[in-house]
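Dear colleague,

I am passing on the structure that follows, together with some notes on what was found in it. Please read the notes with the sequence and the model open beside you.

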Amino acid sequence: MAKQSPQMAFTSLAYLMDIDWLKEAYRRTRKDGAVGVDGMTAEQYEQDLEGNLQSLLDRVKSGTYKAPPVRRVHIPKGGSTTETRPLGIPTLEDKLLQRAVVMLLESIYEQDFLDCSYGFRPGRSAHLR
């Protein structure tokens, strides 16, 4: 739609998401990272993947989804033994929803970029290969 009607403004994107969209977002989400404040691992989430994704989809579409707090961890700062930097770790479900939204926004905004634009676009890099 973004390519066919560039003047069109999207007011809501939630209606574009469905259970298959969330399954693909889940497939693309890293599952070996640290757990968020809820302690939920990918293995636990997968035990009822269909139910969990449906619950997430229902909350997103009804407007009742609220991102949980991000777990704050301090990790050593590059080469220093005393300095640390904060790192925020979202829950697996929040990472999954972020991935689903990124997939939607990329498909919309990719149409506006020129071939010579590189910054943070899928499959492109400004670095020489």
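Helix 4 gives the largest share of the lining of the largest pocket, namely 4 residues. Helices here are DSSP runs of H or I with at least four residues, strands are runs of E with at least two, and both are numbered from the N terminus. A pocket is found on a 1 Å grid over the protein atoms alone, as an open set of points where a 1.4 Å probe fits, with protein on both sides within 12 Å along at least five of seven lines, and its lining residues have an atom within 4 Å of a point.

Before going further, please note that this is a predicted model, in which local features need pLDDT of at least 70 and side-chain atom pairs count only at pLDDT 80 or more, while totals for chains, interfaces and linings use all residues. Residues are numbered from 1 along each chain as its sequence is written, and side-chain values use heavy atoms, with hydrogens and water left out.

The pocket

The volume of the largest pocket is about 250 Å³, taken as the space filled by probe spheres set on the grid points, which are joined across faces, edges and corners. Its lining is made up of 13 residues, and T29, R30, P90, K95 and Q98 are the ones that lie nearest the centre. Two elements, strand 2 (84-89) and helix 4 (92-109), each give two or more residues to this lining. Sorted by class, the lining has 5 nonpolar, 4 polar and 4 charged residues, where Ala, Val, Leu, Ile, Met, Phe, Trp, Tyr, Cys and Pro count as nonpolar, Asp, Glu, Lys and Arg as charged, and the others, Gly among them, as polar.

The fold and helix 1

The protein has 4 helices and 2 strands, and along the sequence these follow the pattern α-α-α-β-β-α. Of its 129 residues, 22% count as buried, a term that means under 20% relative accessible area, with exposed meaning over 50% and partly exposed what lies in between (1.4 Å probe, protein chains only).

In helix 1 the buried residues are I19, L22, A25 and Y26. Viewed down the helix axis they fall within an arc of 120 degrees, and so they line one face of helix 1; the arc is that of the directions from the axis to the C-beta atoms. An α-helix has 3.6 residues a turn, so residues three or four places apart point the same way. The exposed residues D20 and R27 are carried on the face of helix 1 that is turned away from its buried side. A25, at a relative accessible area of 0%, is 78 residues from M103 in sequence, yet their C-alpha atoms are 7.7 Å apart in space.

Around Y26

The structure holds 1 aromatic pair. This pair is formed by Y26 and Y45, which are stacked, with 5.9 Å from centre to centre and 25 degrees between the planes. Because Y26 lies in helix 1 (residues 19-28) and Y45 in helix 2 (residues 42-46), the pair ties together parts that are 19 residues apart in sequence. Rings of Phe, Tyr and Trp (its six-membered ring) pair if their centres lie within 6.5 Å, and planes under 30 degrees apart count as stacked, over 60 as edge-to-face and the rest as tilted. Y26 is buried at 5% relative accessibility, and Y45 is buried at 3%.

The charged end of K31 sits over the ring of Y26, 4.5 Å from the ring centre; the criterion is that NZ of Lys or CZ of Arg is within 6 Å of the centre and within 35 degrees of the ring normal.

With best regards
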